[in-house]
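Here is a friendly walk through a structure, a few places at a time. Have the sequence and the 3D view at hand as you read.

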Amino acid sequence: MADGEFDLIRRHFSRPAPSGVLGVGDDCALLPMRPGAMAISTDLLVEGRHFFSDVDPVALGHKSLAVNLSDLAAMGAEPAGFVLGLALPRIDHDFLAGFAKGLYALADRHACPLIGGDTTRGQDGLVISITIFGTVAPAQALRRDGARPDDDIWVSGCLGDADIALRLLLGGTSATGLPGPGLFAPDVDRAALLAATRRALEWPEPRVALGQALRGVACAALDISDGLLQDLGHVLTASGVGARVEADAVPVSPAVAALPAALRRLAALSGGDVYELCFTAAPGDRAQVLAAAAALGVPVTRIGQITAAPGLRLVDASGAPLDLPPHGGYDHFA
């Protein structure tokens, strides 16, 4: 029937599959087997929890796939394809056209075709589910349990912009529930600050090529989705080690650097929606790490060191200890 499920799929989410792939239109997709292990990840984005109702649909399509590609990047995997699930409160073809545009643009950049999925009518807002598939040789996969004492801790890109943008869009209240008054000085140009930070929130750049370049170099890795300290803690737990993190070495943009130190540190250390890589590597591999990143035009910064003693220590530029932020990171059930 017109404007039904199958018309929606045909209109917005059907394209010829790459050679050797059976994609949208059958009961199952068929992906040719590649050497190595299959890397699989899934993410769920819920309206009102992960994105605003008035979001640019092109940006939403981009981000929906970007967060999944970021998981492949964290494993050093090569994208192979993805499936898309949509629960729609209503059919809005203009919105879906924009969503598909952003989705396909990023998919094409990473040779990661849409190969199937499902749509249905939802009740309480848009829900997006993507499951992504990639491949990586098991011995080269970047994992969370490989960090070793004395490893350098690195991050890619800049941290904190997405958190600041979210706080501004929420009227001064963060996703972790911190109150708005006092977060931003009265003389701060909020419109200019939002303009400088919003792209990081809505258009994250998955570091797929960097993850692949770090295979055989990085000892452990993950992508930062829920906050640097919280996510780094997963590496420490899995590896049975501790860490010393230099708070003021964490890279931030000029817009975030201009904020008061307490807010800057909170955004950079605890802010979510980053989708940069955090990884560890042996001190003797610093030149190799920097060369790999420079070849891709991706900035990387050394922010600390893995320790044999458990726990996470935060220090300032002089080495003096700092208290950990009161909110360690994002909690989807908070």
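## A buried histidine

His62 is buried, at a relative accessible area of 5% (buried means under 20% relative accessible area, exposed over 50% and partly exposed in between, with a 1.4 Å probe and protein chains only). This is a predicted model, in which local features need pLDDT of at least 70 and side-chain atom pairs count only at pLDDT 80 or more, while totals for chains, interfaces and linings use all residues. Residues are numbered from 1 along each chain as its sequence is written, and side-chain values use heavy atoms, with hydrogens and water left out.

His62 belongs to helix α2, residues 57-75 (helices, H or I with at least four residues, and strands, E with at least two, are DSSP runs numbered from the N terminus). Its side chain reaches the backbone oxygen of Pro204 at 2.7 Å. Setting aside neighbours within four places in sequence, the contacts of His62 are Gly102, Leu103, Leu106, Arg109, Glu202, Trp203 and Pro204 (contact means heavy atoms within 4.5 Å).

## Where α2 meets α3

Two packed helices are described by the angle between their axes and the distance between the axes. The axes of α2 and helix α3 (residues 93-109) come within 6 Å and cross at roughly 40 degrees (axes are lines fitted to C-alpha atoms, for helices over the stretch in contact, and angles run from 0 to 180 degrees between N-to-C directions). The two helices are therefore oblique to each other; angles under 35 degrees count as roughly parallel, over 145 as roughly antiparallel, 65 to 115 as roughly perpendicular and the rest as oblique.

On the α2 side, the residues that meet α3 include His62, Leu65 and Leu69, and their partners in α3 include Phe99, Leu103 and Leu106. By class, this contact of α2 with α3 has 11 nonpolar, 5 polar and 2 charged residues (Ala, Val, Leu, Ile, Met, Phe, Trp, Tyr, Cys and Pro count as nonpolar, Asp, Glu, Lys and Arg as charged, and the others, Gly among them, as polar).

## An enclosed helix

Let's move on to helix α9, residues 261-270. Because 7 of its 10 residues are buried, α9 is largely enclosed by the rest of the structure. Those buried residues are Leu263, Arg264, Leu266, Ala267, Ala268, Leu269 and Ser270, and what covers them includes α4 (161-169), α7 (228-239), α8 (254-257) and β10 (311-315).

The packing of α4 on α9 has an angle of about 110 degrees, with the axes 7 Å apart. That makes α4 roughly perpendicular to α9. Asp163, Ile164 and Arg167 in α4 meet Leu263, Leu266 and Ala267 in α9, and the residues of this contact divide into 4 nonpolar, no polar and 2 charged.

## Two positive phi values

Asp150 has a phi near 80 degrees, a positive value in a residue other than glycine. Asp150 sits in the loop between β4 (127-136) and β5 (152-156) and is partly exposed, with a relative accessible area of 47%.

Tyr275, likewise a residue other than glycine, has a positive phi near 60 degrees. The loop between α9 and β8 (277-281) holds Tyr275, which counts as buried at 10% relative accessibility.

## An arginine in a strand

Finally, look at Arg302 in strand β9, residues 300-307. Arg302 is partly exposed, with a relative accessible area of 28%. Not counting residues up to four places away in sequence, Arg302 touches Asp152, Ile153, Trp154, Glu246, Ala249 and Arg286.

Technical notes:
A polar contact is a pair of N or O atoms within 3.5 Å; within protein, one must be able to donate a hydrogen and the other to accept it, and residues adjacent in sequence count only if both atoms are side-chain atoms.
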